[in-house]
Amino acid sequence: MAADANCLEVEALKKYEYIQYVIPDVNSIPRGKIVMGKFKEKVAREGFEIGNAICMAGPNTEIPLSVCDILGKHMPNEEMRPCLDTLTPWPWVGKEGRRVGNVLCDLCMHDGTSDLTSPRQLMKAQLDALREKHGLVFKSAFEYEFGVYKEGSMETLGGDDVWCWDVRIWGEHHDLFCDLTDLLGVMGVEVSSLMPEFTPGQWEITTEPQEGVRGGDVAFYVKNAVKGFFKTRGYHATFMSAKPSAETFGAGLHLNHSLWTVGGASAMLDQGQDDRMSESAKHWLAGILHHAPALTALCCPTLNCYRRLFNLGAPGKVTWGLDDRNAMVRVHTARDNVFLENRLPSGACSPYLAIAATVAAGLDGLDRKLQCPPPNTEVQKAGELPRTTVKAGESPNALEQPGEVAKTLAEALDALEKDGQLRGMLGERFVDCYVKTKREYEVRRYENAELHTEEKQLEFERNMYMKNL
(Lines give C-alpha, C1' and ligand atoms only; values in the text may rest on other atoms or scores of the structure.)
Protein backbone atom coordinates (compact mmCIF):
# COMPACT_ATOMS: atom_id res chain seq x y z
CA MET A 1 0.00 0.00 0.00
CA ALA A 2 1.71 3.14 -1.19
CA ALA A 3 0.85 6.71 -0.28
CA ASP A 4 1.49 9.56 -2.71
CA ALA A 5 4.63 10.80 -1.00
CA ASN A 6 6.20 13.86 -2.58
CA CYS A 7 9.93 13.96 -1.86
CA LEU A 8 9.79 17.51 -0.49
CA GLU A 9 6.91 16.63 1.80
CA VAL A 10 8.77 13.59 3.12
CA GLU A 11 11.83 15.78 3.66
CA ALA A 12 9.70 18.15 5.78
CA LEU A 13 9.08 15.33 8.26
CA LYS A 14 12.73 15.59 9.34
CA LYS A 15 11.95 18.80 11.26
CA TYR A 16 10.14 16.64 13.81
CA GLU A 17 11.33 13.86 16.07
CA TYR A 18 7.83 12.41 16.32
CA ILE A 19 4.92 12.32 13.84
CA GLN A 20 1.32 11.62 14.76
CA TYR A 21 -0.43 9.92 11.84
CA VAL A 22 -4.11 10.34 12.66
CA ILE A 23 -7.69 10.17 11.44
CA PRO A 24 -10.26 12.49 13.09
CA ASP A 25 -13.09 10.29 14.39
CA VAL A 26 -16.77 11.17 14.73
CA ASN A 27 -15.98 13.03 17.99
CA SER A 28 -13.04 15.01 16.52
CA ILE A 29 -10.63 12.89 18.53
CA PRO A 30 -7.35 12.21 16.65
CA ARG A 31 -6.88 8.45 16.41
CA GLY A 32 -3.87 6.69 14.95
CA LYS A 33 -0.19 6.11 15.79
CA ILE A 34 2.84 8.09 16.94
CA VAL A 35 5.85 7.21 14.78
CA MET A 36 9.49 8.12 15.39
CA GLY A 37 13.00 7.78 14.01
CA LYS A 38 13.55 6.26 10.59
CA PHE A 39 10.01 4.88 10.62
CA LYS A 40 8.50 8.36 10.05
CA GLU A 41 9.50 8.33 6.38
CA LYS A 42 8.62 4.66 5.93
CA VAL A 43 5.06 5.27 7.14
CA ALA A 44 4.82 8.42 5.03
CA ARG A 45 5.50 6.36 1.91
CA GLU A 46 3.71 3.13 2.77
CA GLY A 47 1.02 4.01 5.31
CA PHE A 48 -0.02 1.36 7.81
CA GLU A 49 -2.96 -0.82 8.77
CA ILE A 50 -5.47 -0.18 11.54
CA GLY A 51 -8.87 -1.50 12.62
CA ASN A 52 -11.71 -0.39 10.33
CA ALA A 53 -13.85 0.81 13.26
CA ILE A 54 -11.32 3.52 14.18
CA CYS A 55 -13.70 6.39 13.40
CA MET A 56 -16.66 4.99 15.33
CA ALA A 57 -15.28 4.69 18.87
CA GLY A 58 -17.31 6.36 21.59
CA PRO A 59 -16.35 9.63 23.33
CA ASN A 60 -14.44 7.65 25.96
CA THR A 61 -13.05 5.15 23.43
CA GLU A 62 -15.83 2.63 23.91
CA ILE A 63 -15.35 -0.26 21.46
CA PRO A 64 -18.07 -0.15 18.77
CA LEU A 65 -19.39 -3.71 19.08
CA SER A 66 -22.77 -2.78 17.63
CA VAL A 67 -21.32 -2.09 14.17
CA CYS A 68 -19.66 -5.49 13.72
CA ASP A 69 -22.50 -6.63 11.47
CA ILE A 70 -21.75 -3.65 9.18
CA LEU A 71 -17.96 -3.40 9.29
CA GLY A 72 -17.27 -7.14 9.61
CA LYS A 73 -17.56 -9.54 12.52
CA HIS A 74 -13.81 -9.56 13.16
CA MET A 75 -13.32 -5.79 12.62
CA PRO A 76 -10.64 -6.32 9.96
CA ASN A 77 -7.84 -3.89 9.24
CA GLU A 78 -7.92 -1.21 6.58
CA GLU A 79 -5.18 1.11 5.34
CA MET A 80 -4.30 4.51 6.73
CA ARG A 81 -2.80 6.57 3.91
CA PRO A 82 -1.00 9.76 4.97
CA CYS A 83 -1.97 13.08 3.35
CA LEU A 84 1.46 14.67 3.63
CA ASP A 85 0.25 18.11 2.58
CA THR A 86 -1.49 18.29 5.98
CA LEU A 87 1.76 18.14 7.99
CA THR A 88 1.25 20.58 10.86
CA PRO A 89 3.19 21.27 14.07
CA TRP A 90 1.54 20.09 17.30
CA PRO A 91 3.33 22.70 19.41
CA TRP A 92 1.84 22.14 22.87
CA VAL A 93 3.21 18.57 22.86
CA GLY A 94 6.90 17.85 23.23
CA LYS A 95 9.78 20.32 23.51
CA GLU A 96 13.07 21.17 21.83
CA GLY A 97 14.62 17.90 20.70
CA ARG A 98 11.22 16.19 20.93
CA ARG A 99 9.22 18.17 18.39
CA VAL A 100 5.89 16.70 17.29
CA GLY A 101 4.18 17.03 13.92
CA ASN A 102 0.72 15.86 12.90
CA VAL A 103 -0.34 14.31 9.59
CA LEU A 104 -3.96 13.62 8.68
CA CYS A 105 -4.66 10.32 6.94
CA ASP A 106 -7.29 8.78 4.71
CA LEU A 107 -8.88 5.46 5.63
CA CYS A 108 -9.02 3.14 2.62
CA MET A 109 -10.08 -0.41 1.94
CA HIS A 110 -7.44 -2.73 0.55
CA ASP A 111 -8.71 -2.19 -3.00
CA GLY A 112 -8.10 1.55 -2.62
CA THR A 113 -11.76 2.51 -2.09
CA SER A 114 -12.19 5.45 0.28
CA ASP A 115 -13.92 4.43 3.51
CA LEU A 116 -16.59 7.06 4.12
CA THR A 117 -16.99 6.18 7.78
CA SER A 118 -14.09 8.66 8.04
CA PRO A 119 -15.73 12.06 8.69
CA ARG A 120 -13.03 13.95 6.79
CA GLN A 121 -13.41 11.75 3.71
CA LEU A 122 -17.20 11.96 3.91
CA MET A 123 -16.88 15.75 3.88
CA LYS A 124 -14.49 15.59 0.91
CA ALA A 125 -16.98 13.43 -1.00
CA GLN A 126 -19.75 16.01 -0.51
CA LEU A 127 -17.48 18.88 -1.56
CA ASP A 128 -16.41 16.94 -4.65
CA ALA A 129 -20.07 16.31 -5.56
CA LEU A 130 -20.85 20.03 -5.20
CA ARG A 131 -18.06 20.91 -7.60
CA GLU A 132 -18.81 18.15 -10.08
CA LYS A 133 -22.60 18.70 -10.21
CA HIS A 134 -22.79 22.47 -9.99
CA GLY A 135 -19.29 23.83 -10.52
CA LEU A 136 -19.33 25.41 -7.06
CA VAL A 137 -16.71 25.83 -4.34
CA PHE A 138 -17.59 25.83 -0.62
CA LYS A 139 -15.94 28.29 1.78
CA SER A 140 -16.40 28.07 5.54
CA ALA A 141 -15.39 29.52 8.89
CA PHE A 142 -16.60 28.29 12.26
CA GLU A 143 -17.27 30.25 15.46
CA TYR A 144 -15.78 28.18 18.29
CA GLU A 145 -17.37 28.53 21.74
CA PHE A 146 -15.77 26.70 24.65
CA GLY A 147 -15.60 26.77 28.44
CA VAL A 148 -12.40 27.01 30.50
CA TYR A 149 -12.20 25.56 34.03
CA LYS A 150 -9.44 25.09 36.55
CA GLU A 151 -8.13 21.56 36.26
CA GLY A 152 -10.06 19.11 38.42
CA SER A 153 -12.85 21.52 39.37
CA MET A 154 -15.87 23.41 38.07
CA GLU A 155 -14.25 26.77 38.91
CA THR A 156 -14.31 28.87 35.76
CA LEU A 157 -11.53 31.04 34.37
CA GLY A 158 -12.54 34.56 35.36
CA GLY A 159 -14.79 33.56 38.24
CA ASP A 160 -18.58 33.41 38.38
CA ASP A 161 -19.31 36.74 36.71
CA VAL A 162 -20.67 37.02 33.18
CA TRP A 163 -18.20 38.93 31.00
CA CYS A 164 -20.05 38.90 27.69
CA TRP A 165 -18.32 41.31 25.25
CA ASP A 166 -16.48 42.89 28.24
CA VAL A 167 -12.84 42.89 27.16
CA ARG A 168 -11.55 43.71 30.66
CA ILE A 169 -11.52 40.00 31.50
CA TRP A 170 -9.21 39.43 28.52
CA GLY A 171 -6.87 42.02 30.00
CA GLU A 172 -6.71 40.03 33.24
CA HIS A 173 -5.61 36.92 31.30
CA HIS A 174 -3.82 38.64 28.44
CA ASP A 175 -0.69 36.48 28.38
CA LEU A 176 -2.68 33.24 28.47
CA PHE A 177 -4.84 34.08 25.46
CA CYS A 178 -2.00 35.70 23.51
CA ASP A 179 -0.01 32.49 23.96
CA LEU A 180 -3.01 30.52 22.65
CA THR A 181 -3.44 32.63 19.53
CA ASP A 182 0.34 32.59 18.93
CA LEU A 183 0.28 28.79 19.17
CA LEU A 184 -2.56 28.61 16.63
CA GLY A 185 -0.53 30.89 14.36
CA VAL A 186 2.37 28.46 14.49
CA MET A 187 -0.07 25.81 13.24
CA GLY A 188 -1.07 28.01 10.31
CA VAL A 189 -4.45 28.96 11.81
CA GLU A 190 -5.32 32.62 11.31
CA VAL A 191 -7.38 33.77 14.30
CA SER A 192 -9.49 36.81 13.47
CA SER A 193 -11.12 37.53 16.85
CA LEU A 194 -11.48 36.47 20.46
CA MET A 195 -14.16 37.47 22.96
CA PRO A 196 -15.80 36.43 26.24
CA GLU A 197 -19.26 34.92 25.82
CA PHE A 198 -22.61 34.75 27.66
CA THR A 199 -21.57 32.29 30.36
CA PRO A 200 -18.87 32.52 33.05
CA GLY A 201 -15.68 30.98 31.72
CA GLN A 202 -16.97 30.78 28.15
CA TRP A 203 -15.00 32.19 25.22
CA GLU A 204 -15.37 32.44 21.46
CA ILE A 205 -12.66 32.28 18.80
CA THR A 206 -13.26 33.01 15.13
CA THR A 207 -10.97 32.22 12.21
CA GLU A 208 -10.75 33.39 8.61
CA PRO A 209 -12.82 31.57 5.91
CA GLN A 210 -11.15 28.65 4.18
CA GLU A 211 -11.89 26.91 0.91
CA GLY A 212 -12.96 23.30 0.71
CA VAL A 213 -11.37 20.65 2.93
CA ARG A 214 -9.19 23.20 4.69
CA GLY A 215 -12.26 24.60 6.49
CA GLY A 216 -12.78 21.31 8.33
CA ASP A 217 -9.08 20.83 8.99
CA VAL A 218 -8.69 24.26 10.59
CA ALA A 219 -11.65 23.57 12.88
CA PHE A 220 -10.17 20.20 13.88
CA TYR A 221 -6.85 21.92 14.68
CA VAL A 222 -8.53 24.65 16.74
CA LYS A 223 -10.55 22.23 18.86
CA ASN A 224 -7.55 20.05 19.64
CA ALA A 225 -5.18 22.96 20.18
CA VAL A 226 -7.53 24.72 22.61
CA LYS A 227 -7.90 21.59 24.73
CA GLY A 228 -4.21 20.70 24.59
CA PHE A 229 -2.96 24.22 25.29
CA PHE A 230 -5.12 24.86 28.36
CA LYS A 231 -4.18 21.45 29.77
CA THR A 232 -0.53 22.57 29.82
CA ARG A 233 -1.52 25.70 31.80
CA GLY A 234 -3.48 23.98 34.56
CA TYR A 235 -6.92 24.44 33.03
CA HIS A 236 -9.45 22.22 31.34
CA ALA A 237 -11.13 23.49 28.17
CA THR A 238 -14.28 21.80 26.95
CA PHE A 239 -16.50 22.06 23.89
CA MET A 240 -19.14 20.02 25.73
CA SER A 241 -21.92 21.48 23.70
CA ALA A 242 -24.51 22.55 26.05
CA LYS A 243 -24.40 22.95 29.76
CA PRO A 244 -21.85 21.57 32.19
CA SER A 245 -24.20 23.00 34.84
CA ALA A 246 -27.88 23.99 34.91
CA GLU A 247 -27.15 27.73 35.05
CA THR A 248 -24.94 28.05 31.96
CA PHE A 249 -25.66 28.82 28.33
CA GLY A 250 -24.68 26.27 25.73
CA ALA A 251 -21.63 26.34 23.47
CA GLY A 252 -22.20 26.49 19.73
CA LEU A 253 -20.02 25.81 16.70
CA HIS A 254 -21.79 28.03 14.19
CA LEU A 255 -20.93 27.19 10.59
CA ASN A 256 -20.57 30.31 8.41
CA HIS A 257 -20.40 29.32 4.77
CA SER A 258 -20.83 30.53 1.22
CA LEU A 259 -20.79 29.21 -2.35
CA TRP A 260 -18.51 30.47 -5.11
CA THR A 261 -17.97 29.70 -8.75
CA VAL A 262 -14.62 28.25 -9.78
CA GLY A 263 -13.95 31.68 -11.31
CA GLY A 264 -14.22 33.36 -7.90
CA ALA A 265 -17.68 34.96 -8.13
CA SER A 266 -20.23 34.66 -5.32
CA ALA A 267 -22.96 32.17 -6.24
CA MET A 268 -25.17 33.41 -3.40
CA LEU A 269 -25.28 37.12 -4.26
CA ASP A 270 -27.88 38.72 -6.56
CA GLN A 271 -27.76 42.52 -6.37
CA GLY A 272 -31.07 42.72 -8.24
CA GLN A 273 -33.06 41.11 -5.41
CA ASP A 274 -34.35 43.04 -2.39
CA ASP A 275 -32.77 40.51 -0.04
CA ARG A 276 -29.70 40.20 -2.35
CA MET A 277 -29.99 36.40 -2.31
CA SER A 278 -29.61 34.45 -5.54
CA GLU A 279 -31.88 31.59 -6.55
CA SER A 280 -29.03 29.20 -5.81
CA ALA A 281 -28.73 30.59 -2.28
CA LYS A 282 -32.45 30.08 -1.68
CA HIS A 283 -32.48 26.53 -3.04
CA TRP A 284 -29.42 25.74 -0.89
CA LEU A 285 -31.08 27.24 2.18
CA ALA A 286 -34.31 25.33 1.47
CA GLY A 287 -32.34 22.07 1.45
CA ILE A 288 -30.82 22.79 4.86
CA LEU A 289 -34.23 23.61 6.34
CA HIS A 290 -35.83 20.62 4.60
CA HIS A 291 -33.44 18.17 6.28
CA ALA A 292 -33.18 19.95 9.64
CA PRO A 293 -34.47 17.10 11.88
CA ALA A 294 -31.93 14.66 10.40
CA LEU A 295 -29.13 17.25 10.40
CA THR A 296 -29.62 17.64 14.13
CA ALA A 297 -28.23 14.13 14.73
CA LEU A 298 -24.91 15.13 13.16
CA CYS A 299 -24.75 18.76 14.31
CA CYS A 300 -25.90 18.03 17.88
CA PRO A 301 -24.33 14.60 18.45
CA THR A 302 -24.49 14.20 22.25
CA LEU A 303 -27.20 13.84 24.87
CA ASN A 304 -26.02 17.08 26.42
CA CYS A 305 -26.36 19.11 23.20
CA TYR A 306 -30.14 19.23 23.53
CA ARG A 307 -29.97 21.35 26.67
CA ARG A 308 -28.63 24.13 24.45
CA LEU A 309 -31.48 24.14 21.92
CA PHE A 310 -34.81 25.97 22.24
CA ASN A 311 -33.20 28.87 24.07
CA LEU A 312 -32.52 32.48 23.26
CA GLY A 313 -29.84 32.60 20.58
CA ALA A 314 -29.98 28.83 19.96
CA PRO A 315 -32.31 27.31 17.38
CA GLY A 316 -35.52 25.50 18.10
CA LYS A 317 -37.74 26.21 15.16
CA VAL A 318 -36.71 25.41 11.61
CA THR A 319 -36.50 29.00 10.38
CA TRP A 320 -34.20 31.44 8.64
CA GLY A 321 -33.91 35.19 8.81
CA LEU A 322 -31.83 38.13 7.70
CA ASP A 323 -29.35 38.83 10.52
CA ASP A 324 -31.64 36.89 12.90
CA ARG A 325 -29.79 35.33 15.85
CA ASN A 326 -32.85 33.33 16.86
CA ALA A 327 -33.28 31.60 13.50
CA MET A 328 -31.71 28.25 12.75
CA VAL A 329 -30.01 29.80 9.72
CA ARG A 330 -28.95 33.43 9.96
CA VAL A 331 -28.39 35.04 6.57
CA HIS A 332 -25.76 37.79 6.24
CA THR A 333 -26.01 40.09 3.23
CA ALA A 334 -23.71 43.01 4.06
CA ARG A 335 -20.62 44.27 2.22
CA ASP A 336 -21.36 42.88 -1.25
CA ASN A 337 -21.39 39.35 0.04
CA VAL A 338 -23.96 36.77 1.08
CA PHE A 339 -23.17 33.95 3.46
CA LEU A 340 -25.23 31.67 5.67
CA GLU A 341 -24.64 31.01 9.35
CA ASN A 342 -25.93 27.58 10.29
CA ARG A 343 -26.50 28.01 14.02
CA LEU A 344 -27.57 24.42 14.61
CA PRO A 345 -24.12 22.85 15.26
CA SER A 346 -23.21 22.52 18.93
CA GLY A 347 -19.68 22.80 20.26
CA ALA A 348 -19.26 19.03 20.63
CA CYS A 349 -19.94 18.21 16.99
CA SER A 350 -17.36 17.12 14.45
CA PRO A 351 -16.70 20.06 12.11
CA TYR A 352 -16.22 17.56 9.29
CA LEU A 353 -19.67 16.09 9.87
CA ALA A 354 -21.24 19.54 10.26
CA ILE A 355 -19.86 20.50 6.83
CA ALA A 356 -20.68 17.13 5.25
CA ALA A 357 -24.29 17.22 6.46
CA THR A 358 -24.80 20.88 5.54
CA VAL A 359 -23.37 20.38 2.04
CA ALA A 360 -25.41 17.21 1.47
CA ALA A 361 -28.62 18.99 2.50
CA GLY A 362 -27.78 22.08 0.46
CA LEU A 363 -26.93 19.93 -2.56
CA ASP A 364 -30.34 18.30 -2.35
CA GLY A 365 -31.88 21.76 -2.36
CA LEU A 366 -29.92 22.67 -5.50
CA ASP A 367 -30.56 19.36 -7.24
CA ARG A 368 -34.33 19.44 -6.70
CA LYS A 369 -34.68 23.24 -6.71
CA LEU A 370 -36.48 23.17 -3.36
CA GLN A 371 -38.46 26.31 -2.60
CA CYS A 372 -37.39 28.41 0.35
CA PRO A 373 -40.06 29.32 2.94
CA PRO A 374 -40.47 32.98 3.98
CA PRO A 375 -38.09 34.32 6.63
CA ASN A 376 -38.82 34.20 10.34
CA THR A 377 -40.75 37.19 11.68
CA GLU A 378 -41.29 36.09 15.28
CA VAL A 379 -39.28 37.08 18.34
CA GLN A 380 -38.18 33.86 19.99
CA LYS A 381 -38.35 33.62 23.76
CA ALA A 382 -36.80 30.78 25.72
CA GLY A 383 -39.36 28.24 26.89
CA GLU A 384 -42.23 29.67 24.81
CA LEU A 385 -41.96 27.61 21.63
CA PRO A 386 -45.16 25.84 20.51
CA ARG A 387 -44.76 22.17 19.66
CA THR A 388 -44.82 21.67 15.87
CA THR A 389 -42.67 19.16 14.07
CA VAL A 390 -41.25 18.46 10.67
CA LYS A 391 -41.32 14.79 9.76
CA ALA A 392 -38.13 13.37 8.30
CA GLY A 393 -37.99 14.29 4.63
CA GLU A 394 -40.95 16.67 4.82
CA SER A 395 -40.35 20.21 3.59
CA PRO A 396 -40.85 22.79 6.39
CA ASN A 397 -42.59 25.20 4.00
CA ALA A 398 -45.35 22.60 3.61
CA LEU A 399 -46.51 23.48 7.13
CA GLU A 400 -48.46 26.52 8.21
CA GLN A 401 -46.08 26.97 11.12
CA PRO A 402 -42.33 26.29 11.07
CA GLY A 403 -41.32 22.88 12.28
CA GLU A 404 -38.78 22.18 14.99
CA VAL A 405 -35.43 20.54 15.22
CA ALA A 406 -35.24 17.30 17.18
CA LYS A 407 -35.53 17.69 20.95
CA THR A 408 -33.46 14.67 22.00
CA LEU A 409 -30.59 12.67 20.56
CA ALA A 410 -32.87 9.64 20.24
CA GLU A 411 -35.38 11.67 18.24
CA ALA A 412 -32.64 13.08 16.01
CA LEU A 413 -31.20 9.62 15.28
CA ASP A 414 -34.66 8.40 14.30
CA ALA A 415 -35.01 11.37 11.93
CA LEU A 416 -31.62 10.67 10.33
CA GLU A 417 -32.46 7.02 9.89
CA LYS A 418 -35.77 7.88 8.18
CA ASP A 419 -34.46 10.62 5.89
CA GLY A 420 -33.90 8.55 2.76
CA GLN A 421 -32.58 11.42 0.67
CA LEU A 422 -29.88 12.36 3.19
CA ARG A 423 -29.02 8.72 3.89
CA GLY A 424 -28.41 8.24 0.20
CA MET A 425 -26.13 11.27 -0.04
CA LEU A 426 -24.11 10.47 3.09
CA GLY A 427 -24.07 6.73 2.43
CA GLU A 428 -26.05 3.94 4.08
CA ARG A 429 -22.90 2.46 5.62
CA PHE A 430 -21.90 5.64 7.40
CA VAL A 431 -25.43 6.44 8.62
CA ASP A 432 -26.05 2.91 9.91
CA CYS A 433 -22.71 2.84 11.78
CA TYR A 434 -23.24 6.29 13.25
CA VAL A 435 -26.80 5.62 14.42
CA LYS A 436 -25.95 2.23 15.93
CA THR A 437 -22.90 3.63 17.73
CA LYS A 438 -24.76 6.58 19.23
CA ARG A 439 -27.65 4.42 20.39
CA GLU A 440 -25.35 1.87 21.99
CA TYR A 441 -22.95 4.16 23.84
CA GLU A 442 -25.09 7.11 24.74
CA VAL A 443 -28.86 6.76 24.36
CA ARG A 444 -29.25 3.32 25.92
CA ARG A 445 -26.74 3.92 28.71
CA TYR A 446 -28.59 7.11 29.61
CA GLU A 447 -31.98 5.43 29.52
CA ASN A 448 -30.75 2.55 31.69
CA ALA A 449 -29.16 4.78 34.31
CA GLU A 450 -31.17 5.88 37.35
CA LEU A 451 -31.05 9.64 36.92
CA HIS A 452 -33.90 11.04 38.96
CA THR A 453 -32.69 14.64 39.28
CA GLU A 454 -31.27 17.18 36.87
CA GLU A 455 -28.00 17.25 38.79
CA LYS A 456 -27.69 13.46 38.42
CA GLN A 457 -28.33 13.83 34.70
CA LEU A 458 -25.71 16.58 34.40
CA GLU A 459 -23.19 14.53 36.37
CA PHE A 460 -23.73 11.63 33.94
CA GLU A 461 -23.25 13.97 30.98
CA ARG A 462 -20.13 15.58 32.46
CA ASN A 463 -18.58 12.17 33.06
CA MET A 464 -19.36 11.11 29.51
CA TYR A 465 -18.36 14.24 27.59
CA MET A 466 -16.55 16.96 29.51
CA LYS A 467 -13.03 15.52 29.49
CA ASN A 468 -12.72 14.43 25.87
CA LEU A 469 -15.04 16.74 23.93
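Start by selecting Leu-255 and looking across to β15: its bridge partner there is Asn-342. Keep in mind as you click around that this is a predicted model.

**The strands around β15**

Now widen the selection to residues 253–261, which is strand β12, and residues 339–342, which is β15. The two run antiparallel, and 3 bridges join them.

While you're here, follow the chain from β14 into β15. How many residues sit between the strands of this hairpin? There are 6, and Arg-335 is the one to click on, as it takes a positive phi near 60°.

**Helices α7 and α10**

Clear that and select residues 213–232 for helix α7, plus residues 351–368 for helix α10. Their axes lie 8 Å apart and the helices pack at an angle of about 150°. Angles over 145 degrees count as roughly antiparallel, so that label goes to α7 and α10. As for handedness, α7 passes α10 in a right-handed crossing.

To see who does the touching, show side chains for these:

- on α7: Gly-215, Gly-216, Asp-217, Ala-219, Phe-220 and Lys-223
- on α10: Pro-351, Tyr-352 and Ile-355

Color the contact of α7 with α10 by class and you get 5 nonpolar, 2 polar and 2 charged residues.

**Helices α8 and α9**

Move on to residues 279–290, helix α8, and residues 292–299, helix α9. Here the axes come within 6 Å and cross at roughly 75°.

Which residues of α8 meet α9? Select Ile-288, Leu-289 and His-290; across from them in α9 are Ala-292, Pro-293 and Leu-295. The class coloring for the contact of α8 with α9 gives 5 nonpolar, 1 polar and no charged residues.

**Zooming out**

Finally, show the whole protein as a cartoon. You're looking at 14 helices and 15 strands. The radius of gyration is 21 Å, close to the 23 Å the globule rule gives for 469 residues, so the protein is as compact as a globular protein of that length. If you switch to the C-alpha trace and line up the principal axes, the span is about 65 × 50 × 50 Å.

Note on methods: Residues are numbered from 1 along each chain as its sequence is written. This is a predicted model: local features need pLDDT of at least 70, side-chain atom pairs count only at pLDDT 80 or more; totals for chains, interfaces and linings use all residues. Side-chain values use heavy atoms; hydrogens and water are left out. Axes are lines fitted to C-alpha atoms, for helices over the stretch in contact, and angles run from 0 to 180 degrees between N-to-C directions. Helices (H or I, at least four residues) and strands (E, at least two) are DSSP runs, numbered from the N terminus. Contact means heavy atoms within 4.5 Å. Ala, Val, Leu, Ile, Met, Phe, Trp, Tyr, Cys and Pro count as nonpolar, Asp, Glu, Lys and Arg as charged, and the others, Gly among them, as polar. Angles under 35 degrees count as roughly parallel, over 145 as roughly antiparallel, 65 to 115 as roughly perpendicular and the rest as oblique. A crossing is left-handed if the near helix is turned anticlockwise from the far one by less than a right angle, and right-handed if clockwise. Two strands pair if DSSP finds at least two bridges between them. The radius of gyration is taken over C-alpha atoms; the globule rule is 2.2 Å times the number of residues to the power 0.38.
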